[in-house]
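Please look over the sequence and the model shown here before reading on.

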Amino acid sequence: MPHLDSITLHKLSSPRLSRSLSTLETWSFGLTGHTSLIVIIPAVHHNLGLSAIYVWIPAILFGMLLNYQVKRLGSHFIDAAGGTAIYASKLLKSYPILARYTALAYFFSWSIGLSTYVTVLTDLIQENLKALDLACPGLLLKLGFTFLSFALAFSGTRALGILHLFFVIPAIGLILAFCFQGFSWLAFSPTSPGFFPMNWSSISFLDWAKWFFFINYATYGCETASFFVADSRRPEQTLRFLDIAAWLMPPVFLGGFWIVTRTVTDASLGDNPFLLLLAASQSFWGKSASLAVTFLLVANSLLTIATAVSNCPRILYQLALDKHISPVFAVVSRRGVLGPPLTLMFVLCLIGLIWGDTTRQILFSNVSWMLSIMGLHLGLWLQRGKPEVLFPRISLGILLVEIVAFLVGGFAWGWQDFLMGLLPPIGIMGIDAIIRRSSFAPLSPKWWLQRYQLRTSSEAQDSVMLQVSILIFLLCSAVVVGWLFGIQLNKTHATGDESLIVVLLMTVAFVGVAIACWTTLPQVVAMAEAREAAEHLFMVAQDAIVVVNEIGVIQQANPAIQSLFGVKSSQLLGNHLSQWLPALTQYPQEWKKRSEQKLNYKNKVKTLEVSVSDIPYQDFQEYVVILHDITKRKQAEEVLRQSEAQLREKSQQLAAQLVQSEKMSSLGQLVAGVAHEINNPVSFIYGNITYAHDYTQDLLRLLQLYQRHYPQPEPEIQNEIEAIDLDFLVQDLLKLLTSMQVGADRITQIVVSLRNFSRLDESEMKAVDIHEGIDSTLMILQHRLKAKPDFPEIQIVKEYGNLPLVECFAGRLNQVFMNLLANAIDALEEPLIMCHVSFVEDKKQRKNPQIRIHTELSDDKLVIIRIRDNGPGIPESLQHRLFDPFFTTKPVGKGTGLGLSISYQIITEKHGGKLQCFSFPGEGTEFAIAIPLHQQQHK
């Protein structure tokens with residue numbers, strides 16, 4: 001099942017997380033940890049007072065070093081999502097179980113933290129509603145905020161990023177204002193208690209470990225921008241913000257703590273964040289302190305919730321890509337929604353809300369958090385020496401401090417809850433094991449991919465009507481809610497209603513964005529994507545595209561127009577298109593939808609195919625003109641028309657060559673068959689002549705014995721001896737047998753020559769004796785070489801060199817020898833035939849006909865074969881056409897003009913050689929063949 005899911009995911013899922021987030025949006029996520037001072041500082045102040053500075057200083061230093069280290073890791077793993085948790089798993093890749101446990105501990109810490117902040121936000125709203133005597137079920141509010149958070153997450157990270165950005169900017173601005181104004185008030189106000197205390201208190205190691213265990217969640221949590229490196233359009237800029245986040249920690253955490261510690265001395269306020277911060281800020285903010293503090297508390301909760309549902313899914317997503325957990329968690333929608341990780345996180349949050357014990361939630365969260373950070377520092381030490389590790393020795397020292405604080409501080413908060421806090425990552429690993437083995441459809445990647453496709457195709461068609469309807473609904477709802485709260489405020493005349501207004505405004509904004517994410521935002525995103533796609537196509541199109549108004553003036557032009565018109569697209573704007581295409585002088589509505597136009601460009605004429613389409617708007621009309629350069633196509637068409645006749649002639653030549661080759665192949669088969677049939681009876685005769693000669697010798701010796709012992713035969717025998725002329729018969733019979741022996745030898749040689757020449761049908765390349773092929777060809781042509789009554793014998797002069805066996809197509813090469821030797825014989829015979837001169841008359845005028853055959857092996861391993869006749873030669877004006885198909889110098893009916901053409905192809909194409917002709921009028925003609933000794937060296 002896991003293997004099948006992996007294959008399905010690989011084939012069906014869309015590309016990985018797209019880089020859709022701007023730098024500012026990723027930076028905003030990196031400020032979430034800084035806002036946590038709102039809830040952390042009051043608790044630390046209440047329990048430790050001024051001595052908490054001993055906890056804050058090392059925690060802040062460790063956090064700053066962590067930011068620098070995470071930045072280096074992010075630069076090395078630039079395409080990895082999930083930030084610190086994933087970097088820890090990659091550093092611990094040699095220990096896959098530990099790597100998985102570390103990353104899942106980080107995931108669980110943020111997941112359960114979401115439940116905690118939902119509870120904090122709910123308690124804040126309930127406290128403010130009490131002033132109006134309004135009761136609201138706490139569980140209902142918690143579930144509502146949880147559902148809204150995941151509604152935002154399931155709509156895509158962009159909406160969360162924008163919402164986060166709008167909240168985090170004023171929140172960080174207020175925090176910095178709180179710190180700097182507080183410092184100024186402490187330093188310069190006459191009513192302040194002074195910048196420095198009179199006495200410094202000490203802290204026990206147990207308290208130090210306990211509260212270091214508590215506050216490192218804030219100081220280590222300022223690296224959340226690294227989670228979005230894989231989503232960022234400029235990942236390097238996203239990582240650069242980790243430096244800014246690191247240097248914001250001292251003024252924010254240390255400054256905020258110092259101001260609260262120096263300005264709040266009333267122990268009765270307890271650890272209530274609102275009351276402590278209100279008391280600390282009233283000195284310099286006055287009446288607006290309540291609004292500001294309320295905004296900070298609500299903003300911190302909303303920002304943490306938004307960050308949690310954004311970064312946690314990326315941890316599971318990257319773990320799935322790295323094959324640590326089930327591949328279903330790597331499924332991502334086209335708009336970057338990580339459905340399966342969000343679903344698992346939603347289940348964990350619901351469990352945390354139903355459980356409802358905030359103290360235990362915080363302890364479990366801190367245990368998992370410290371486990372993941374210790375895993376990171378352990379991985380840094382194990383991978384020391386790698387370029388992505390900045391300071392391994394310092395990391396080892398921090399790890400040792402963390403281990404001590406983890407054990408001592410964790411047990412100080414409660415050993416049972418501490419030990420139970422080690423189990424959630426193991427539980428998540430168990431859930432993953434169940435998912436891997438389950439056949440339940442929603443646990444497979446294919447099911448999620450189908451859901452995403454259905455959702456895309458089911459988006460509303462009339463988005464304008466939908467958006468207007470939702471806008472009306474929201475406005476009416478806001479009016480009704482405001483009216484109801486106004487009535488209630490008039491009844492109660494409660495104080496502190498300003499804080500409630502802040503809470504309501506921020507909550508309504510949160511709800512409004514969530515509703516928009518599931519209604520109008522998909523339509524807006526779809527339109528934006530369509531616009532971006534159209535603009536992208538417009539810019540990257542290879543064809544030139546211009547947009548003209550109703551009178552033909554160019555309004556827009558894409559970059560491709562520059563290569564066509566020779567001017568920049570910006571220079572075309574405001575000019576009429578007819579300045580470049582003179583034929584388009586009328587109004588665009590009169591132009592043909594498709595036409596061909598001429599363009600003069602650099603003294604050359606280009607042919608353009610012009611396509612026109614109109615775009616009607618409510619108050620004006622535009623026309624899109626696509627200009628496609630078809631000059632090369634037109635030129636190609638002309639070339640094709642011109643070459644059609646040549647191709648037809650070439651096809652005729654090839655057909656004739658094929659016929660000639662087929663004839664030669666058939667001739668080879670016929671010759672081989674005749675040679676075989678002749679060979680049988682000739683072999684019989686040749687084999688019996690020897691026996692006949694022996695038998696005749698025996699009979700003649702017997703006859704001689706009779707003549708010796710019976711010198712006086714009977715008269716009848718004597719008469720027969722005289723009648724047959726016995727003496728002559730005895731002498732001539734032996735001569736007759738000898739002549740038969742010579743004839744049989746001759747027939748045998750002819751049969752061998754025929755069999756050698758019949759190699760024409762062989763297609764295999766093999767090593768053969770070239771001289772044997774030449775001799776076989778001469779044997780076949782022997783009848784043309786003999787003397788005739790009107791023509792003398794043609795003398796063959798063989799100048800054979802010492803040639804090794806030559807790799808060639810033997811049959812094909814024999815065909816070349818046949819063509820060249822036959823042409824040489826024709827060249828020697830034709831003058832007498834054409835002029836009707838007898839041999840006796842011509843003998844005084846010319847030398848004896850001769851064909852000279854010369855072979856040699858050159859230094860560069862080329863076999864050279866020269867065939868030269870002493871005929872009349874070939875005129876120089878015809879020599880360059882000798883190898884053209886169908887060209888011949890012979891009389892009509894004496895040749896097809898294909899012999900030399902085919903021979904040329906055999907030598908050049910089949911053997912990679914050369915065939916050349918050298919002719920000297922009145923002296924003769926020589927054909928020179930050069931082929932490689934070994935063909936494979938020349939292929």
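Leaving aside residues up to four places away in sequence, Phe 212 touches Val 55, Pro 58, Ala 59, Phe 62, Tyr 220, Met 370 and Ala 405, where a contact means heavy atoms within 4.5 Å. Phe 212 is also among the residues with the most contacts inside the largest nonpolar core, which has 157 residues, and others in that group include Val 44, Trp 56, Phe 107 and Ile 315. Helix 13 gives the most to this core, contributing 20 residues. Apart from it lies another core, of 39 residues, including Cys 808, Ile 865, Ile 867 and Leu 933. A nonpolar core is here a set of buried Ala, Val, Leu, Ile, Met, Phe, Trp, Tyr and Cys residues joined through side-chain atoms within 4.5 Å, and buried means under 20% relative accessible area, with exposed over 50% and partly exposed in between (1.4 Å probe, protein chains only).

This is a predicted model, in which local features need pLDDT of at least 70 and side-chain atom pairs count only at pLDDT 80 or more, whereas totals for chains, interfaces and linings use all residues. Residues are numbered from 1 along each chain as its sequence is written, and side-chain values use heavy atoms, with hydrogens and water left out.

Gln 597 counts as buried, at 10% relative accessibility, and its side chain is joined to that of Ser 595 by a polar contact of 3.1 Å. Such a contact is a pair of N or O atoms within 3.5 Å; within protein, one must be able to donate a hydrogen and the other to accept it, and residues adjacent in sequence count only if both atoms are side-chain atoms. Not counting residues up to four places away in sequence, Gln 597 touches Leu 581, Ala 583, Leu 584, Lys 606, Thr 607, Leu 608 and Val 610.

Lys 861 has a positive phi near 60 degrees, lies in the loop between strand 9 (850–857) and strand 10 (862–869), and is partly exposed at 44%.

For the whole, the protein has 33 helices and twelve strands, taken as DSSP runs numbered from the N terminus (helices H or I, at least four residues; strands E, at least two). Buried residues make up 47% of its 939 residues.
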